Amino acid sequence: MTLIRHIIAGTPTSGTGIGTTPVFNPATGEQSAEAVTGGTEDVNAAVAAAAEAFPAWADTPAARRARIMFNLRGVLDRRRDEVARTISAEHGKTHDDALGEVARAMEVVEYACGIAEHLKGDFSRDVAPGIDSAAERQPLGVVAGITPFNFPAMVPLWMIPMALAAGNTFVLKPSERDPSSANLIHDMFAEAGLPDGVLNVVHGGPDAVNALLDHPVVQAVSFVGSTPIAQHIYSRATAAGKRVQALGGAKNHMVVMPDADMDQAADALMGAGYGSAGERCMAVSVAVPVGEETADRLVAALKPRVAALKIGPSTDERAEMGPLITAEAKERVEGFVARAVAEGAEAVVDGRGFTPPQGYEGGFWTGGSLLDRVTPEMEVYRQEVFGPVLSVVRAGDFDQALDLTNTHEYGNGAALFTRDGDAARTFAKRVQAGMVGINVPIPVPVGFHSFGGWKRSSFGGHGMYGPEAVHFYTRLKTVTSRWPTGIRAGAEFTFPSMG
């Protein structure tokens, strides 16, 4: 049985050895590995290693740090298949989907390669007689990342390259459900030339998380996961004086106007709703057709597509969707479908009772479900399902569809499918979501923009990667200096001004 260990100061270690957590192959349901479970002492050791490495790393010229990111980009490109296979083996997503995850991660690495440009400061000469002013951005110190199971490579690589390129050192606490990708990421950084201790990995559960949140040396915490945990992390870490970016849950709506290309909209919903088995924070889980005729056409277009979903293991090149991450996730998702039907929703396609591929009967499989005539009062609409379930909520007009989107507690992403430029412009301006797609179902920003939601989808006011990350992982310092050249003004007792 493979043992997945912490990596502290460049060395794999079992740490305090307080226990292990089983890791499963979701396609078979069989245990494939076990990960050591870290506690406070293991977190303390990782933070100490990061703190020891910080002074030398922060003093490393930004161009040299960028060179390591450039090397990392090459390592990722060369080993992308290996990374994708590692993701699929523990998460269950298809190989092509995992390759897409790696590609999006590489965008952030590429942006981090330009860190020297992003850290350039400002300078003003002679702001007053003989006085100059300069502003610069300096690293925070030791920072931490707590990452989810659904993107075990991409989300850590949203955080780590920007934090390290800016001069910080890092402690990563990955999901205990698919932890191997985190160790692989560490090894690729090491191959790229990163010094020992600059990046450390600690495995574990809530004890390790809380130890990071409470540790006085940790200056900032990045998190992606569910809203209840995001709120806990934000509250606890800010109470300890830390800077926090905590991205939570979502209920992404896609509004379909009567003039939309229905085949295009249906295809978009298939990928956005059922790709990665719906285990994406940017998955579209609510379709909002405007008008009964539009709704009927959309459901008619979706029904055969959902029924024909090709579901199978990552080794099947034809597979469009894999299993869910755990048996508990399967039970939870199918429970949402059952309760929705009991509340009055119409199961146009019911994914419960899906027959797994031969040889994979023990896996955590469910089929795609399509629910029509869902209402805002239903549990399946109010909560994040995080599975291959698409709810159709019919709206009478554009304003009702927009209001439906805006009154939900989450505001991660939203999309509109239309040919009407006026409707698109109005939607983009008025919708209360952090990321908006116009005829784009999953509007995840590219690496040189920033990712982040609104309302209860985000806590802390800081987006991930891109320009937002430069500001999150650095602090501003402004230096005002005077070098006397024979000018002596004497003591000044009034508040300084430049007049």
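1. Strand S6 and strand S7 (residues 131-139) run antiparallel and are joined by 4 bridges. Two strands are taken as paired if DSSP finds at least two bridges between them; strands (E, at least two residues) and helices (H or I, at least four residues) are DSSP runs numbered from the N terminus. Within this pair, phenylalanine 123 has alanine 134 of S7 as its bridge partner.

2. On the basis of the note: this is a predicted model, in which local features need pLDDT of at least 70 and side-chain atom pairs count only at pLDDT 80 or more, while totals for chains, interfaces and linings use all residues. Residues are numbered from 1 along each chain as its sequence is written, and side-chain values use heavy atoms, with hydrogens and water left out.

3. The sheet that holds S6 and S7 is open and has 3 strands, in the order S6-S7-S23, with antiparallel pairing. Neighbouring strands are turned against each other by 25° on average, direction ignored; axes here are lines fitted to C-alpha atoms (for helices over the stretch in contact), and angles run from 0 to 180 degrees between N-to-C directions.

4. Another open sheet of 3 strands has the order S1-S5-S4, and its pairing is mixed. Strand S1 (2-4) and strand S4 (20-24) form the edges, each pairing on one side only. The twist from one strand to the next averages 30°. S4 and strand S5 (residues 31-36) are antiparallel, with 5 bridges between them; valine 23 stands opposite alanine 33 of S5.

5. A parallel pair is formed by S8 and S9, over 5 bridges, in which glycine 145 stands opposite leucine 172 of S9. Strand S9 (residues 169-173) is mostly covered, with 5 of its 5 residues buried; buried denotes under 20% relative accessible area, exposed over 50%, and partly exposed the range in between (1.4 Å probe, protein chains only). In a regular strand the side chains alternate between the two faces of the sheet. Both faces of S9 are covered: Thr169, Val171 and Lys173 are buried on one side, and Phe170 and Leu172 on the other.

6. Valine 142 belongs to strand S8 (residues 142-146) and counts as buried because its relative accessibility is 3%. Its C-alpha atom is separated by 22 Å from that of threonine 37, a residue 105 positions away along the chain.

7. Most residues other than glycine have a negative phi. Asparagine 439, however, has a positive phi near 60°; this residue is found in the loop between strand S20 (435-438) and strand S21 (454-455). Asparagine 439 is partly exposed, because its relative accessible area is 28%. Tyrosine 465 also has a positive phi, of about 45°, although not a glycine, and is placed in the loop between strand S22 (458-459) and helix H16 (466-472). Tyrosine 465 counts as buried because its relative accessibility is 2%.

8. On cysteines, the count of disulfides is 0, a disulfide being a pair of cysteine sulfur atoms within 2.5 Å. Cysteine 113 is partly exposed at 24% relative accessibility, whereas cysteine 281 is buried at 12%.

9. The largest pocket holds about 840 Å³ of space. Of its 36 lining residues, Phe149, Arg177, Gly225, Ser226 and Ile229 are the closest to its centre. The elements that give two or more residues to this lining are helix H8 (206-214), strand S11 (218-224), helix H9 (227-239) and helix H12 (327-342). A pocket is an open set of points on a 1 Å grid over the protein atoms alone, with protein on both sides within 12 Å along at least five of seven lines; in a cavity, a 1.4 Å probe fits but cannot get out, and lining residues have an atom within 4 Å of a point. Grid points are joined across faces, edges and corners, and a volume is the space filled by probe spheres set on the points.

10. The lining of the largest pocket has 17 nonpolar, 12 polar and 7 charged residues. Ala, Val, Leu, Ile, Met, Phe, Trp, Tyr, Cys and Pro are counted as nonpolar, Asp, Glu, Lys and Arg as charged, and the others, Gly among them, as polar.

11. There are 4 cavities of 30 Å³ or more. The largest cavity has a volume of about 90 Å³ and is lined by 15 residues, of which Gly278, Arg280, Ala283, Ser285 and Phe386 lie nearest its centre. This lining divides into 7 nonpolar, 5 polar and 3 charged residues.
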